[in-house]
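Hi everyone, thanks for making time for this. I'd like to walk you through one model, so please have a look at the sequence and the structure first.

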Amino acid sequence: MDTPPTAVQTDALARVPASRSDGLSAEARAAVEAGIPAETRRGYAGDWARFTTWCAGTGR
């Protein structure tokens with residue numbers, strides 16, 4: 001018996017953390033943030049800007 005797509009999506013969403021810092025102490029969160037180089041942050045920001053522009057242009 002196949003699982004309906006909505007059930008699969010709901011199950012998958014329940015397993016994905018709301019944010020990457022859920023459950024981390026303030027110190028651990030700061031260490032994670034400090035470990036992301038500035039160039040990587042700039043790259044992510046550019047990727048996000050292009051993605052959101054694409055979404056807006058395609059009505060998504």
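Let me start with a question: what percentage of the 60 residues in the protein chain do buried residues make up? The value is 3%, where buried means under 20% relative accessible area, exposed means over 50%, and partly exposed is in between, with a 1.4 Å probe and protein chains only.

Some ground rules before the details. This is a predicted model, so local features need pLDDT of at least 70 and side-chain atom pairs count only at pLDDT 80 or more, while totals for chains, interfaces and linings use all residues. Residues are numbered from 1 along each chain as its sequence is written, and side-chain values use heavy atoms, with hydrogens and water left out.

On to confidence, that is, pLDDT, the predictor's confidence in each residue from 0 to 100. The protein chain averages 82, and 65% of the residues score at least 70. Where pLDDT is low, the predicted coordinates should not be read in detail.

The fold is quick to describe: the protein chain has three helices and zero strands, in the order α-α-α from the N terminus. Helices here are DSSP runs of H or I with at least four residues, strands are runs of E with at least two, and both are numbered from the N terminus. The chain exposes about 5200 Å², and carbon and sulfur atoms supply 62% of that; the areas come from the Shrake-Rupley method with a 1.4 Å probe, and for residues only the protein chains shown count as cover.

Now the aromatics. How many aromatic pairs does the structure hold? There are two, counting rings of Phe, Tyr and Trp (its six-membered ring) with centres within 6.5 Å; planes under 30 degrees apart are stacked, over 60 edge-to-face, and the rest tilted. Trp48 and Phe51 make a tilted pair, 5.6 Å centre to centre with 45 degrees between the planes. Those two are three residues apart in helix α3, residues 38–57, so about one helical turn separates them. Trp48 is exposed at 56% relative accessible area, whereas Phe51 is partly exposed at 41%. Phe51 also pairs with Trp54, this time stacked, at 6.1 Å and 25 degrees. Again the spacing is three residues in helix α3, about one helical turn, and Trp54 is partly exposed at 44%.

Together, ring pairs link Trp48, Phe51 and Trp54 into a cluster. Trp48, Phe51 and Trp54 also make a nonpolar surface patch of about 380 Å². Patches use residues with over 30% relative accessible area and no salt bridge, joining like charges within 9 Å and nonpolar side chains (Val, Leu, Ile, Met, Phe, Trp, Tyr) within 5 Å.

Last topic: salt bridges, meaning a side-chain nitrogen of Lys or Arg within 4 Å of a carboxyl oxygen of Asp or Glu. The structure holds three. Arg50 meets Asp47, with the closest N and O atoms 2.6 Å apart, and Arg42 meets Glu39 at 2.7 Å.
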